[in-house]
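Biologist: Could you put the model up and walk me through it?

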Amino acid sequence: MKRLFSPDELHFAQAVGRISASNHFLPERVELEREALGSAFTESGAAWNEHISDDNALTHPNIVALLKRSETLAENIRARWPKDGRGITREEMVAYINVASFWLYHAYALQFDALIQESEERRHAAARKQETSRAETAPDNKLTIRPNFYGAFRNTLEHLLRLPGIAILDEEPAPHLFAYAFQLRRAFHYIHRALAGGSRPMVRLRAQIWESIFTRDIGRYRRALYSRMHDYATLITGPSGTGKELVARAIGLSRYIPFDARRGEFADDYTGAFFPLNLSALSPTLIESELFGHRRGAFTGALADRAGWLEICPANGAVFLDEIGDVDTAIQVKLLRTLQSRAFQRLGDTDTRTFQGKIIAATHRDLPAEIRGGRFREDFYYRLCSDVVRTPSLREQLDDAPTELETLAAHIARQLLGDGEAPAFARESVAWIRKRLGAAYAWPGNFRELEQCMRNLLVRGEYHPASLHASGGDTGDWNALLANGSLTAEDLLRRYTRQVHAQSGRNIEETARRLDVDRRTVKARL
Ligand SMILES: Nc1ncnc2c1ncn2[C@@H]1O[C@H](COP(=O)(O)OP(=O)(O)OP(=O)(O)O)[C@@H](O)[C@H]1O
């Protein structure tokens, strides 16, 4: 019998399948594109940077070429498809499904992008309006789509995949594939847009984020794991100012959200389903109240019943516990229980409630060392660390690729000044940094410090780092720093607090006592 695919076509379709199954943020992805396109592949730039440095990856020549070939091939195979569906091998069937879904996904990508944009705009508008306190129950937070969007998607899907012998639409119905396509698009958007930098450590970070969302095996994820990922807490570690919150957002905003075809809406507007809480900025009672909620009268100031984030967060949402390494062990115990049984109570209440979402936690602390020092519970750590993502320091990035300074400065300059003025200011800033701080400067405050440095340069034309030595940390020569008058009063207080903290066995209470301030002030200065 005549085969459905020519050898060349089969090779192309299988390579496209490998592209879809790959981690899109790893260099291998580009190698797979090369394999699929052969001589039609366009070389441009560093392999691992190609897609992520492109403002709109959909117009990249390799993607355009892949899409054109996929569309033509899918239509040709469809035309050749036997009426009774007999005689097609499993290999051919899988190859056809791969090439057809690759084309389908990209054909609707721009409409999904528009939906992301709309949702973002709605969130900003709502945030402006609602600067006040939050609602007591989850707000009606659905994401409705334009009526003909899903219909058109489903029709194309049916046209391509409802063929004799193919059962994928029975196993994975159209609303699920629609929800999955939207999730893919969001993951691209938030991983690609939010995080600047193309050094190998940053490439690894993006690939790790992708894996946190879709796991190592995206096919298995799409078939089975998509509805179970809330059981996997994610722990983000890395030095201060390295974008841990951006990573948490990318993971939290890229969760799978079921689509209800009858109502034409997603179960949640994902932008309203991410709940960040900075644990180092709040007292233990406030942390508990924010997380678990409280009953009226549970503590002074609890004037009315209130739901906490764990209660409000929907199944497809995420609660982000920033600075988890700073939280009291009593709260660690409560959180551990919530993670294990998903049950918790509001403060002062006996009713048991259920947490349905995902926990993402972050810390700049070395948690194993905190465990050894008795400040962090081991059982809690093991519950948190099923998925660990590490953000690289700015120094690590610059050591890998010194020209990253230009890339990151350009990113910050665009944020500070818009496109027009940005290139010139980025060049000025890089020149100033190289001359005055030196290429080996440690950047102890990481990306945040680079941002700060450029803001200072923009306003004052100069920047005085808090630590004027290349090694970072607090080992600098106090006398020299004091003598040349380069520390601000705030720098001085912070450095002194850190010194006393180190001398007090890193005990916050003891530091507060010696400095005669309260523990929150100590935490803030640390
Ligand atoms: N790779 C990056 N690309 C773009 N912006 C970044 C990047 N890394 C950090 N930033 C920016 O740096 C600042 C600090 O980032 P963020 O608050 O996420 O850091 P963090 O690691 O959570 O710090 P901390 O441990 O102090 O909470 C933010 O303004 C963030 O937007």
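Modeller: We can go through the domains and then one of the sheets.

Modeller: This is a predicted model, in which local features need pLDDT of at least 70 and side-chain atom pairs count only at pLDDT 80 or more, while totals for chains, interfaces and linings use all residues. Residues are numbered from 1 along each chain as its sequence is written.

Biologist: Which domains does the assignment give?

Modeller: The protein chain is assigned domain 1 (7–185), domain 2 (186–391), domain 3 (393–464) and domain 4 (466–526), with bounds that come from an automatic or database domain assignment.

Biologist: And how many residues do domain 2 and domain 3 each put into their contact?

Modeller: Domain 2 gives twelve residues and domain 3 gives 14 residues, where contact means that C-beta atoms, placed from the backbone, lie within 7 Å. The centres of the two domains, taken over C-alpha atoms, are 31 Å apart.

Biologist: Switching to the sheet, what is the strand order?

Modeller: The open sheet has five strands, ordered β5-β8-β11-β2-β12 with parallel pairing; strands are DSSP runs (E, at least two residues), numbered from the N terminus, and two of them pair if DSSP finds at least two bridges between them.

Biologist: What joins β2 to β12?

Modeller: Four bridges join β2 (residues 234–237) to β12, and the two run parallel; Leu-235 stands opposite Val-388 in β12.

Technical notes:
Contact = placed C-beta atoms within 7 Å.
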